[in-house]
Amino acid sequence: MFPPLQSLMASVVSFYALYYLVARTLVQGEQIPKTPWFSVIGAVTFFLFLLLLRNFDELKDIESDKKHFPGRCIPSGKVKISDVKIIALASATIMIFLNAYFGTREIFLSVLFLLFFGFLTYKWFCLKSLISSNLLLAFITHQPVIPIMYFYGTMVIFHDLQKPLSSMNFNTILAIIYFWTLGALWEISRKIRAPEKETEYQTYSKILGFKLSIIIIIIMSIFSSMLAIRLIGSDNLIIFCAFILYLLYFCFRVVHFAFKPDKYEKGLKPFIEGYMMMCIVFIFSIGIIHWMKTIGHYAIEKHTLTQP
């Protein structure tokens, strides 16, 4: 499923959370642009690319979905294959146009590489029989698409801040890794099932074992949270405390699921999606507060300069 409005909002919030994390150290005390209009291209591209990946998944999993998820849009007949292909083509075309017309040569090349890698995932890297039958191999080959997308995002942000790519620092790399951990957490957690609910469908809990899968989720959650704390520090104490509390709640749910999986009809997916969204919203909120302060400081400076 790809609900358009929620997905658009999530894409915008994700992009501008990245924007804040990158700008926070990149500008080093300078003001963040008051009207970062060019960054809108990056946010829209995020949404279109995620839509493209969703359509790619629908197309390449048709046979598997017929067997394991007959209620999904294509197997159920709710959506035609041709419609999905048209949406995928339109998404890629708009991405290319926006970044070619409004972006720099480097940004255009980066979005082309992003599309190329996305297309390789659709084609199973030309090794369908090998990768499609091995969930771990699929994870290793497909997961780089997330840091590549966020690297594209950093290029847009650098352009918006009028900074050369050579000024990229360690915190920028950590920000990309942070968003990758959230994506990896979502991917793994949605394919963990209680032992009695396992079927022929490949899951991480079936391959790695239920307990090991839970341990991996907890370790990755802690690592992800440590990265977030390292990146945002205590910029806003209230939001920082709320972040820690929600992390503890999420870890409690994961541990509770490990001992009583029968209590969770939909597994960990709703909780990991909530955790991801809250993490991104917390960072986005801090960024908005910082941006509003920038606008306020600018207004005060302008008023002071206009005084006789």
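View 1. E63 counts as exposed, at 57% relative accessibility (exposed is over 50% relative accessible area, buried under 20%, partly exposed in between, with a 1.4 Å probe and protein chains only). Its side chain meets that of K66 in a salt bridge, 3.7 Å from N to O (a side-chain nitrogen of Lys or Arg within 4 Å of a carboxyl oxygen of Asp or Glu). Helices here are DSSP runs of H or I, at least four residues, numbered from the N terminus.

This is a predicted model: local features need pLDDT of at least 70 and side-chain atom pairs 80 or more, while totals for chains, interfaces and linings use all residues. Residues are numbered from 1 along each chain as its sequence is written, and side-chain values use heavy atoms, leaving out hydrogens and water.

**View 2. R72 reaching D65.** Here the closest N and O atoms of the salt bridge are 3.0 Å apart. R72 is partly exposed at 29% relative accessible area, but D65 is buried at 2%.

**View 3. R105 with E106.** These side chains also form a salt bridge, at 3.6 Å from N to O. R105 is exposed, at 59%, and E106 is partly exposed, at 39%. A search of the whole structure turns up nine salt bridges.

**View 4. Helix 8, tucked away.** Helix 8 runs through residues 145-160. Of its 16 residues, 13 are buried, so the rest of the structure largely encloses this helix. Next comes Q162, with a positive phi near 60°.

Technical notes: Helix = DSSP H or I, 4+ residues; strand = E, 2+ residues; numbered from the N terminus. Expected span 1.5 Å × (residues − 1).
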